[in-house]
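Reader: I am new to this structure and would like to understand its charged side-chain pairs. Please take me through them one at a time.

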Amino acid sequence: MSSNESLANLLREERRFAPPAELAATANVTGDAYEKAAGDRLGFWAEQARRLDWAVEPTETLDWSNPPFAKWFADGRLNVAYNCVDRHVEAGRGDRVALHFEGEPGDSRSITYAELQEEVARAANALTELGVEAGDRVAIYLPMIPEAAVAMLACARIGAPHSVVFGGFSADALATRIQDADAKVVITADGGWRRGKPGALKPAVDEALTRPGTEGVRHVLVVRRTAQEVEWTEGRDLWWHEVTGRQSATHTAQPFPAEHPLFILYTSGTTGKPKGILHTSGGYLTQAAYTHHAVFDLKPESDVYWCTADIGWVTGHSYIVYGPLANGATQVMYEGTPDTPHQGRFWEIVQKYGVTILYTAPTAIRTFMKWGDEIPARYDLSSLRVLGSVGEPINPEAWVWYREKIGAGRTPVVDTWWQTETGSVMISPLPGVTETKPGSAQRALPGISATVVDDNGAEVPNGSGGYLVVTEPWPSMLRTIWGDEQRYLDTYWSRFARRATDADGGETRVPLYFAGDGAKKDEDGDIWLLGRVDDVMLVSGHNISTTEVESALVSHPKVAEAAVVGATDATTGQAICAFVILRGAAADEGDALVAELRDHVGRTLGPIAKPKRIMTVAELPKTRSGKIMRRLLRDVAENRALGDVTTLTDSTVMELIQAKLPSAP
Ligand code: ATP
Ligand code: MG
């Protein structure tokens, strides 16, 4: 934000939803957890760490003697894969299904915990045969198939940090990630199914490995998924099924220190160059498991959980692999897109497996709204009991639609705020406790301290906006940016600090974690995310949130999706420029609707928030994880050459938008 004035607080949302009585009565976590954790934060996390099986129990919880470098449970030792797989089998739950895999072409297979244990053991033995040792990095570039989870767990089991690269990324993106982490092995597939066709993956690996800086890769393990032709480099390339097939199905897991690196994951790249976020073992798994238990109210004996994220994003790491498996959950894993072979595919899957907990993203919810209410209405969704959202602020209209049309007006919606950097959910309602507010993530979870501060780092009063900060270290926090400590300090820890007294009674400054997101506290102190700080608009001296203007536009019945940016303006500093996708029939009205939409925003938020320009478009530029890339729209609105488009799903979208420009003032 570029002025001393805090974020304007324009949106009014009065709808409230109490937790269902039955859920509240049997909820995993009750309201007293907040006070308990606030009274003894470290004791609270020490207790949560006991959800895990430690080979050596930790005696110290947090070492924060050298902030912002944290050590959690540092003298404890554990094996992450053992915690996610073996211990469930040892406890007699080997017959429980871990993964119901649903391939896009309709093939399916269910894998029990006992079967998963064997697969992980074979894969761990295979990696060892290939010379992978604890500390070596392994790049994973796979579609959404069970082998992706098996590969991650096999790496965890032998202490080799993995770096999962989203299967939709190009050879370039893959090469830079292999170089940055200096990977020794790449695990990939011939391809995966997407939109009814086999998409290829292996050629991108072959191309990436021609680039300088990737010479460290000794082997490429290739899963056969689509059976398409692949090029083969003798000696380097090996079939996954051949190498794992000849291994023993048992493997003794060796414990590692709690701070042993578990994985590197590059952020989505919504704002610029992706950062290699490093996560470690004990603290990460503690918070992933606790939050999955608390936020989704998981009952492992009876729930069927489905997170629709890709394993290439942090959501897939924490809420498909590590959190749910540590908790012994039964879950669905789906390979493909929501509209293949038809737009009801997700709901068909919910019905088929009796999914009880669904976790998806606002971009998907807005797409389902656009496709029409009649599609989910054709399926039996009555098994659902908790709905989650992650990735972007969810517009109140999309939130209410999700609850009503998917959750039959009964299920709580948990809007979960977190980041690749935070490793696990940080701010979210609790489904059996919180009276929810559409569009608000509401409150930091028990054991987490987050708030909103002004330019000087002072906490803002209720009813005001500013910057979201985390004020105390948390177990699943990033430990650094891989190979770039200075960037870690500069990006997250240099902006805000609080005064404290050190051991000798002197005054010191303790850094606060700056998340990069704008937020406000409402009159009750609940937190509303307002978009990235870099995206906040400054109009005639007022800071205005992109999220609030977008939500106002989406609340108009004819608008399906909206993206808003501030463009330099001679009179107002910045002018609000909106790009909207219209719903179904309204698309024909096109530009005639513009005046109506401007008035609608003016009525909803006030005259200051009226967009100066509104362009109707067919698509918005999005990252591969479905987030709107406002910086590219700002380039368009300011008639600049486009910035980096490499993390964009479809670069032709920008050409279509630019082609519309001549009609703009
Ligand atoms: P980069 O950091 O490279 O620009 P990114 O921030 O999109 O990419 P992620 O770590 O995947 O990468 O996303 C975290 C961000 O997503 C948050 O900082 C926030 O802006 C947004 N976000 C995630 N969940 C929510 C939510 N529930 N409400 C609002 N914003 C959210
Ligand atoms: Mg980010």
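Reader: Which residues are linked with E102 in a network of salt bridges?

Author: The model discussed here is predicted. Side chains of opposite charge can pair when their charged atoms come close. In this network of salt bridges, E102 is linked with R345, E348 and K352.

Reader: How many salt bridges does the structure hold?

Author: A pair counts when a side-chain nitrogen of Lys or Arg lies within 4 Å of a carboxyl oxygen of Asp or Glu. By that criterion, the number of salt bridges in the structure is 46.

Reader: Is K36, the partner of E47 in a salt bridge, buried or exposed?

Author: The N to O distance between the side chains of E47 and K36 is 3.9 Å. E47 belongs to helix α3 and K36 to helix α2, 11 residues apart. E47 has a relative accessible area of 40% and is partly exposed. For K36 the relative accessibility is 53%, and because exposed means over 50%, K36 counts as exposed.

Reader: How many residues apart in sequence are the parts that R479 and E259 tie together?

Author: The closest N and O atoms of this salt bridge are 2.9 Å apart. R479 lies in the loop between β22 and β23, and E259 in the loop between β13 and β14. Both R479 and E259 are buried. The separation in sequence of the parts they tie together is 220 residues.

Key
Residues are numbered from 1 along each chain as its sequence is written. Chains are lettered from A and ligands numbered from 1 in the order in which they are written. This is a predicted model: local features need pLDDT of at least 70, side-chain atom pairs count only at pLDDT 80 or more; totals for chains, interfaces and linings use all residues. Side-chain values use heavy atoms; hydrogens and water are left out. Helices (H or I, at least four residues) and strands (E, at least two) are DSSP runs, numbered from the N terminus. Buried means under 20% relative accessible area, exposed over 50%, partly exposed in between (1.4 Å probe, protein chains only).
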